[in-house]
There are 2 protein chains.
Amino acid sequence: MTGAATRRPRADALRNRERLLAEADAVFREQGTGASLEGVARRAGVAIGTLYGHFPTRTALIAALLDARNRELFAHGDALAEHPDPALALADWVRAVVRHAAAYQGLAAVLAARSDELQDSCHRLTAIGERLVDRARAAGALRGDTTGADVFTLMNAAAWARGHDTPAQADRLLDLALAGMIVG
Amino acid sequence: MTGAATRRPRADALRNRERLLAEADAVFREQGTGASLEGVARRAGVAIGTLYGHFPTRTALIAALLDARNRELFAHGDALAEHPDPALALADWVRAVVRHAAAYQGLAAVLAARSDELQDSCHRLTAIGERLVDRARAAGALRGDTTGADVFTLMNAAAWARGHDTPAQADRLLDLALAGMIVG
DNA sequence: CGGTTATGCTGAGGTTCCCTCGGGTTCGGT
DNA sequence: ACCGAACCCGAGGGAACCTCAGCATAACCG
């Protein structure tokens with residue numbers, strides 16, 4: 001029943017998938033996540049139907065792009081859980097995620113929408129954040145009743161600001177909010 | 001040369017303009033600033049060309065909508081300049097602008113783009129903010145080198161968060177950032 | 001009040017993008 | 001070499017954007 005002895009995926013399918021991911025990454029960096037998918041397909045030398053065959057949804061495409069790059073971010077987050085200074089660790093984490101999420105303009109909005117297709121990435125992300133928040137709180141380094149949700153909102157807002165203001169200005173906002181969150 | 005003895009504007013033009021503004025306000029509240037302009041025109045009982053005749057650009061339409069409602073906001077801001085507690089005044093101002101800018105989802109992005117069509121509204125807005133910042137700084141209520149630009153960025157980011165998260169969550173973010181900005 | 005003229009309205013149409021789907025193609029397996 | 005599944009193609013129907021040539025009508029004038 002379950003032993004479906006599935007056939008090896010076709011070589012051209014793999015090629016096209018990689019090509020699409022590469023071009024989508026480039027286009028989204030240039031024009032944001034709202035860019036034309038027909039343009040992506042064109043640049044990848046592939047028909048539009050092929051793109052939809054691999055990625056039924058814009059969000060699915062974005063999710064695939066993120067998956068490919070999340071390993072190191074997660075590794076960094078796990079390492080930070082051992083960091084001697086919980087407050088610094090949390091701040092470092094937030095800044096890392098913001099830099100990551102600002103890769104494509106418009107990504108923050110996609111993440112904030114919390115669609116099913118991004119559940120995996122988001123879940124892991126919030127789990128790490130939650131853990132760092134708990135540790136910081138235990139160390140008495142958190143002001144008031146700051147929660148993991150607050151951290152998530154802050155990361156999204158800062159990532160959004162990075163795409164609509166100068167990065168330097170967005171970083172100032174981030175510093176401000178972190179100063180309000182973390183007891184010096 | 002300049003004495004062109006211009007003719008009075010047509011009554012139907014004025015009617016259509018008002019109708020368009022009213023429907024645009026309703027539609028933008030429901031669907032955000034990205035809503036279909038053809039839908040707005042339809043709801044206003046007017047052809048699409050009429051809409052473009054009055055408002056050559058989506059941003060121009062938004063600017064007209066804001067103009068109509070900015071009087072009270074500006075009045076509030078001017079009143080706050082006399083408030084006995086400069087820190088409270090600044091916080092109040094930020095919160096008021098954020099509530100205002102969250103009327104339509106997507107408005108924050110439009111404001112952050114700083115197009116010429118919104119120059120008037122934005123200029124006045126930042127001027128009031130700058131004034132309140134200066135007063136707060138003079139009273140020693142501001143942390144570090146916080147600037148008017150920081151306040152502007154914060155307002156935008158918070159307004160964005162309001163449209164993409166729960167308002168309550170966005171307000172928590174705002175409180176956090178204000179706590180980081182204002183010396184208790 | 002009718003005529004004149006500027007002002008404003010209309011809606012078809014060119015363009016871009018979205019997404020689907022039937023038919024043709026190509027690859028993996030034998 | 002050949003079968004069948006897996007995959008690719010691209011036309012095409014929708015929606016929205018924006019323009020523009022021609023028509024309608026409101027303001028002005030005598």
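UniProt positions are given in the numbering used here, and such annotations may be inferred rather than shown by experiment. With that in mind, the unreviewed UniProt entry carries the annotation "DNA-binding region" for residues 36-55 of chain A. The structure described below is a predicted model. In it, chain A has 9 helices and 0 strands, and buried residues make up 47% of its 184 residues.

**Overall build of chain A**

- Read from the N terminus on, the elements of chain A run α-α-α-α-α-α-α-α-α, in keeping with a count of 9 helices and 0 strands.
- The C-alpha trace of chain A spans about 55 × 45 × 25 Å along its principal axes.
- Of the contacts in chain A between residues at least 6 apart in sequence, 71% join residues that are at least 24 apart.

**Annotated regions**

- According to the unreviewed UniProt entry, "domain: HTH tetR-type" covers residues 14-73 of chain A; in the model this span is 80% helix and 0% strand, and its end C-alpha atoms lie 25 Å apart.
- The span annotated by UniProt as "DNA-binding region", residues 36-55 of chain A, is 70% helix and 0% strand, with 14 Å between its end C-alpha atoms.

- Tyr104(A) is placed in the loop between H5 and helix H6 (107-113) of chain A, and it counts as buried because its relative accessibility is 2%, where the cut-off for buried is under 20%.
- Leaving aside residues up to four places away in sequence, Tyr104(A) touches Asp25(A), Phe28(A), Arg29(A), Thr33(A), Leu65(A) and Arg69(A).
- Between Tyr104(A) and Arg42(A) there are 20 Å in space, C-alpha to C-alpha, and the two are 62 residues apart in sequence.
- Asp150(A) belongs to helix H8 (residues 148-164) of chain A, and with a relative accessibility of 4% this aspartate likewise counts as buried.
- Beyond residues up to four places away in sequence, Asp150(A) touches Asp145(A) in its own chain as well as Gln169(B) and Arg172(B) in chain B.

**Helix packing**

- Two packed helices are described by the angle between their axes and the distance between the axes.
- In chain A, the axes of helix H5 (residues 86-101) and helix H7 (residues 119-138) come within 8 Å and cross at roughly 155 degrees; H5(A) is therefore roughly antiparallel to H7(A), since angles over 145 degrees count as such.
- H5(A) passes H7(A) in a left-handed crossing, and the contact is made by Pro86(A), Ala89(A), Leu90(A), Trp93(A) and Val97(A) on the H5(A) side, with Leu125(A), Ile128(A), Gly129(A), Leu132(A), Val133(A), Arg135(A) and Ala136(A) on the H7(A) side.
- In chain B, the axes of H7(B) and helix H8 (residues 148-164) come within 9 Å and cross at roughly 120 degrees, so that H7(B) is oblique to H8(B).
- The crossing of H7(B) and H8(B) is right-handed; Cys122(B), Thr126(B), Glu130(B) and Val133(B) of H7(B) make the contact with Gly148(B), Val151(B) and Phe152(B) of H8(B).

**Cysteines**

- A disulfide is a covalent bond between the sulfur atoms of two cysteines. With a pair of cysteine sulfur atoms required to lie within 2.5 Å, the count comes to 0 disulfides over all chains.
- Cys122(A) is buried, as its relative accessible area is 12%, and Cys122(B) is buried with a relative accessible area of 11%.
- Cys122(B) is also one of the H7(B) residues that take part in the contact with H8(B).

- Most residues other than glycine have a negative phi.
- Arg114(A), although not a glycine, has a positive phi near 55 degrees; this arginine sits in the loop between H6 and H7 of chain A, and its relative accessible area of 45% makes it partly exposed.
- Arg114(B) has a positive phi of about 50 degrees and is not a glycine either. Its place is the loop between helix H6 (107-113) and helix H7 (119-138) of chain B, where Arg114(B) is partly exposed at a relative accessible area of 45%.

Definitions and conventions
Residues numbered from 1 in each chain as written. Chains lettered and ligands numbered in written order. Predicted model: local features only at pLDDT ≥ 70, side-chain atom pairs only at ≥ 80, totals over all residues. Heavy atoms only, no water. Helix = DSSP H or I, 4+ residues; strand = E, 2+ residues; numbered from the N terminus. Buried < 20%, exposed > 50% of the residue type's maximum accessible area, 1.4 Å probe, protein only. Axes fitted to C-alpha atoms, helices over the stretch in contact; angles between N-to-C directions. Parallel < 35°, antiparallel > 145°, perpendicular 65-115°, else oblique. Left-handed = near helix turned anticlockwise from the far one by under 90°. Contact = heavy atoms within 4.5 Å.
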